[in-house]
Amino acid sequence: MNAPLLNTRVPDHPVAEIFPARWSPRAFSEAVMTEDELLLLLEAARWAPSASNVQPWRFAWGLRGDAGFAAIAGALVPFNRAWAEKSSALIVVASRRVRDGSEGVVDNPWHGFDAGTAWGYLAMQAQMSGFHAHAMGGFDHAVAAQALGLPEDHALHAVVAVGKLGDPARLPEALRARETPSLRMPLAALAGRGQFPA
Ligand SMILES: Cc1cc2nc3c(=O)[nH]c(=O)nc-3n(C[C@H](O)[C@H](O)[C@H](O)COP(=O)(O)O)c2cc1C
């Protein structure tokens, strides 16, 4: 099960509990994740909306102990590798920068926006399935591209560690202190009626 919703994360409006309950831990338990459990998360991502239904998101994944996991872990910056190596699965999120139009291959300006939506769906399904997903921008793109056979017209976005909550006491001290769900800016600082907040 996921950690109970901490009372430090109280929404200003009564959203479904899963939104504030989702968070990104670094203490993972080295639990085994099955291929079916992993595919369930990617299936959720597959149902994300995208511009013209192009579905530009692409994923490369590995399960703890397999060659794909090792290849993805090898691309992480040392700070991330130190904790993410204990996760159950690593997923690289990419997207195809172009799409096949009626006049041939054209740019798809929304590929990154759509890949972000898909990662959000994946993270929410992970939460609903009793896992946690933690995205990372800290990885070497060239190493990941080479190791995973990234096609030329794709862009890399993030690596996602998925796993079950582990014991925070096993984290390095600096990370242990940060192992708690973060807060959010007030909604009024993010959204304005009729104009953007200053
Ligand atoms: C695109 C992206 C890149 C991130 N990169 C890293 C990273 O390299 N290392 C890390 O520890 N966390 C990383 N994070 C996690 C964020 O710091 C975290 O999601 C944010 O602080 C909000 O916390 P929460 O997910 O627990 O709500 C990243 C998150 C996203 C969405």
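**The ligand shell and its neighbourhood**

Modeller: The shell around the ligand divides by class into 5 nonpolar, 6 polar and 4 charged residues. The model is a predicted one, and what follows should be read with that in mind. Of the 15 residues around the ligand, those that come nearest are Arg9, Ser24, Arg26, Gly137 and Arg184. As for secondary structure, helix H4, residues 78–84, and strand E5, residues 132–136, each supply at least two residues of this shell.

Ser24 places a polar side-chain atom 2.4 Å from an oxygen atom of the ligand, while Asn80 has a polar side-chain atom 2.8 Å from a ligand nitrogen atom. Taken on its own, the ligand has 620 Å² of accessible area, of which the protein covers 63%.

Turning to the open space in the protein, the largest pocket has a volume of about 620 Å³. It is lined by 20 residues, and Pro11, Asp12, Pro20, Arg184 and Met185 are the closest to its centre. Two elements give two or more residues to the pocket lining, namely helix H1 (18–21) and helix H5 (111–128), and the largest share, 3 residues, comes from H5. By class, this lining comprises 12 nonpolar, 4 polar and 4 charged residues.

Helix H5 also holds Gln127, a residue that counts as buried because its relative accessibility is 6%, where the cut-off for buried is under 20%. A polar atom of the Gln127 side chain lies 3.4 Å from the backbone oxygen of Ala21, and the range given for helix H1, 18–21, ends at that residue number.

Helix H6, finally, can be described at both of its ends. At its start, a side-chain oxygen of Asp140 reaches to within 3.0 Å of the backbone nitrogen of Ala142, the helix itself covering residues 141–148. Just after H6, Gly149 adopts a positive phi of about 65°.

Notes
Residues are numbered from 1 along each chain as its sequence is written. This is a predicted model: local features need pLDDT of at least 70, side-chain atom pairs count only at pLDDT 80 or more; totals for chains, interfaces and linings use all residues. Side-chain values use heavy atoms; hydrogens and water are left out. On a 1 Å grid over the protein atoms alone, a cavity is a set of points where a 1.4 Å probe fits but cannot get out, and a pocket is an open set with protein on both sides within 12 Å along at least five of seven lines; lining residues have an atom within 4 Å of a point. Grid points are joined across faces, edges and corners, and a volume is the space filled by probe spheres set on the points. Helices (H or I, at least four residues) and strands (E, at least two) are DSSP runs, numbered from the N terminus. Ala, Val, Leu, Ile, Met, Phe, Trp, Tyr, Cys and Pro count as nonpolar, Asp, Glu, Lys and Arg as charged, and the others, Gly among them, as polar. A residue is near a molecule or strand if one of its heavy atoms lies within 4 Å of it. A polar contact is a pair of N or O atoms within 3.5 Å; within protein, one must be able to donate a hydrogen and the other to accept it, and residues adjacent in sequence count only if both atoms are side-chain atoms. Accessible areas come from the Shrake-Rupley method with a 1.4 Å probe; for residues, only the protein chains shown count as cover. Buried means under 20% relative accessible area, exposed over 50%, partly exposed in between (1.4 Å probe, protein chains only).
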